[in-house]
Protein chains: 2
Amino acid sequence: MSETAIFEKLAIIGAGMIGSSVAQAARLTGAVNRIVMTDRCDSVLREANALSLADDYTQDAAEAVVGADLVMLAVPVGAMGVAAETILPFMRSGAILSDVGSVKGDVLSTLDPLVPGDIHLIPGHPVAGTEKSGPSAGIQDLFDGRWCILTPPPGADQSAVEKLSAFWERLGSKVETMDAAHHDRVLAITSHLPHLIAYNIVGTASDLEEVTRSEVIKYSAGGFRDFTRIAASDPVMWRDVFLTNKEAVLEMLGRFTEDLTALQRAIRWGEGESLEKLFSRTRDIRTRIIDAGQDEDVVDFGRHHTDSEGKEIE
Amino acid sequence: MSETAIFEKLAIIGAGMIGSSVAQAARLTGAVNRIVMTDRCDSVLREANALSLADDYTQDAAEAVVGADLVMLAVPVGAMGVAAETILPFMRSGAILSDVGSVKGDVLSTLDPLVPGDIHLIPGHPVAGTEKSGPSAGIQDLFDGRWCILTPPPGADQSAVEKLSAFWERLGSKVETMDAAHHDRVLAITSHLPHLIAYNIVGTASDLEEVTRSEVIKYSAGGFRDFTRIAASDPVMWRDVFLTNKEAVLEMLGRFTEDLTALQRAIRWGEGESLEKLFSRTRDIRTRIIDAGQDEDVVDFGRHHTDSEGKEIE
């Protein structure tokens, strides 16, 4: 790497899909000189080792953070507090403590009282991911072109915020800074509610008796299969998201249900005009997302088409 | 084409995305010797002509079906009756009248009383599509490896059903025959409800004031963008689906809402265990869909990753 490292030593707490991706991207871009990975699960850590994700591996989180100038918590949101309590006494003065959790208000209110004055707490959230879990699910360019939202507490050290921003930018991200509460409301609608809805409809479908499960699977190309990908996301991570961003999720869910009830009524009373009006309005949002570079205008998500023998067709 | 044609002349009523795909696939596979396309909209027909989708084009549907041994209605479900009334007096004795509509009970009950005894009415539904509309959105291998469901009325001529099955198989489809009412219940959960939910959440998001629309678009990679693709589907086609499959959609929607209310309660009362249980169960369905070949196990739907300059990264 021709560019100089931004941090000397990065300690990643949690070797799951995101932790693994951070390690790979940080190494690829030379953002750090040394990476230590830790995970409370021995088999996960051995998998990370087999993939050569880091320079050092230890099951002892306290040992991992010694001498690190950047410590990244990559555990489910509900596990952040315990992890922080374990490592904080061993972190070096002036180091940055950050995380990759999908909820920021809860992380901030949990960690802020624990963090001593000489450690810079700057929570963060890379808005990127897949439905896969574990070290081998990591992707080295996962953050490339994706937004990373930092939610520094009021009065945070500006040079520390800039250094962490530079780190994420080196990994390819576009960095935005906002208030933790606002982050949680934005993500409630763009991420948390879509996941909740997807989990719910897949659950509803699997409970049907009259329509067999094999029929649901067979004819899933009609729309259902896209929901199943989202509903295959990590159960523990998402359990914690809904438990810790309860207020914003319940509010967005309330709005969603209200709108759905109106739609239900329009169907029952055969109000074709209002259905068509909504369906036309939503098409416009899609166009804007493609224009903003947040998705590709490729039909069928670019899924490959194959002939009857399974060969790919152009 | 080395294989002989299954039908001599195919008349396609409606030159939209599906009609265009049928034309392209039928020509590519040599399933028919001649294709005539008709559309009530002059500009659509001219677009089809510019794309060389058929051998002949006419705005007069009655003229199009003269001498055709297969007539395929590829118009929104709500327009099937009027289209059939226009063409039936001109169809030749022994010809097959089929369609590609997403709802089958309504098509059957609308067309059955109109069709004379010497015409074989065999409704059908290729379970394939994209969110795009119009002749240029047609894809020649759209039906390849996808299911096509035929819903012949009781007492339908068996040789005609077999001939139509052979046609769809030539286009690459796997063909299944079932009762129209059962089709409508299966598709209500695998396709119609997912579309309704997607339309609804995109509508809810676009109505928020506190979270700006540009924020919704910016952070859509968290899950929301997958819903916007589905919610970009043809408004008129989907309006008709909900108006004509009202009963099954409302029943599935009732089940969905019931489950969602239970989920909402679990979030409100912090019942982490039941959340995790549902989220684990839904992961299993995804695995089965991939095993059944109904989707690919490619993360991020195989979307390309690009670097900050927009170049593709491997």
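**Helix 7 of chain A and its neighbours**

Helix 7 of chain A (residues 180-206) and helix 11 of chain B (residues 246-268) cross in a right-handed sense. Helices are DSSP runs of H or I, at least four residues, and strands are runs of E, at least two, numbered from the N terminus.

A word on the model. It is predicted, so local features need pLDDT of at least 70 and side-chain atom pairs pLDDT 80 or more, while totals for chains, interfaces and linings use all residues. Residues are numbered from 1 along each chain as its sequence is written, chains are lettered from A in the order in which they are written, and side-chain values use heavy atoms, without hydrogens and water.

Back to that crossing. The two axes are 9 Å apart, at an angle of about 130°. Axes are lines fitted to C-alpha atoms over the stretch in contact, and angles run from 0 to 180 degrees between N-to-C directions. The pair is therefore oblique. The classes are roughly parallel under 35 degrees, roughly antiparallel over 145, roughly perpendicular from 65 to 115, and oblique for the rest.

Who touches whom? From helix 7 of chain A come A:Leu196, A:Ile197, A:Asn200, A:Ile201 and A:Thr204. From helix 11 of chain B come B:Arg255, B:Phe256, B:Asp259, B:Leu260, B:Leu263 and B:Ile267. Contact means heavy atoms within 4.5 Å. The tally is seven nonpolar, two polar and two charged. Nonpolar covers Ala, Val, Leu, Ile, Met, Phe, Trp, Tyr, Cys and Pro; charged covers Asp, Glu, Lys and Arg; the others, Gly among them, are polar.

Next, helix 12 of chain B, residues 272-291. Its axis lies 9 Å from that of helix 7 of chain A, at about 70°. That makes the two roughly perpendicular. A:Tyr199, A:Val202, A:Gly203 and A:Ser206 meet B:Leu278, B:Phe279, B:Arg281, B:Thr282 and B:Ile285.

Now a partner within chain A. Helix 10, residues 235-244, comes within 11 Å of helix 7, axis to axis, and crosses at roughly 120°. So this pair is oblique, and the crossing is left-handed. A:Ser191, A:His192, A:His195, A:Leu196 and A:Tyr199 of helix 7 face A:Trp238, A:Val241 and A:Phe242 of helix 10. Five are nonpolar, three polar and none charged.

On to the core. Which residues touch the most other members of the largest nonpolar core? A:Leu97 and B:Leu97, out of 136 residues. Such a core is a set of buried Ala, Val, Leu, Ile, Met, Phe, Trp, Tyr and Cys residues joined through side-chain atoms within 4.5 Å. Buried means under 20% relative accessible area, exposed over 50%, partly exposed in between, with a 1.4 Å probe and protein chains only. Leaving out residues up to four places away in sequence, A:Leu97 touches, among them, A:Val71, A:Ile87, A:Met91 and A:His120.

Last, a backbone point. A:Ser52 has a positive phi, near 55°, and is not a glycine. Most residues other than glycine have a negative phi. A:Ser52 sits in the loop between helix 2 (42-50) and strand 3 (56-58) of chain A. At 45% relative accessible area, A:Ser52 is partly exposed. B:Ser52 also has a positive phi, about 55°.

Conventions. A crossing is left-handed if the near helix is turned anticlockwise from the far one by less than a right angle, and right-handed if clockwise.
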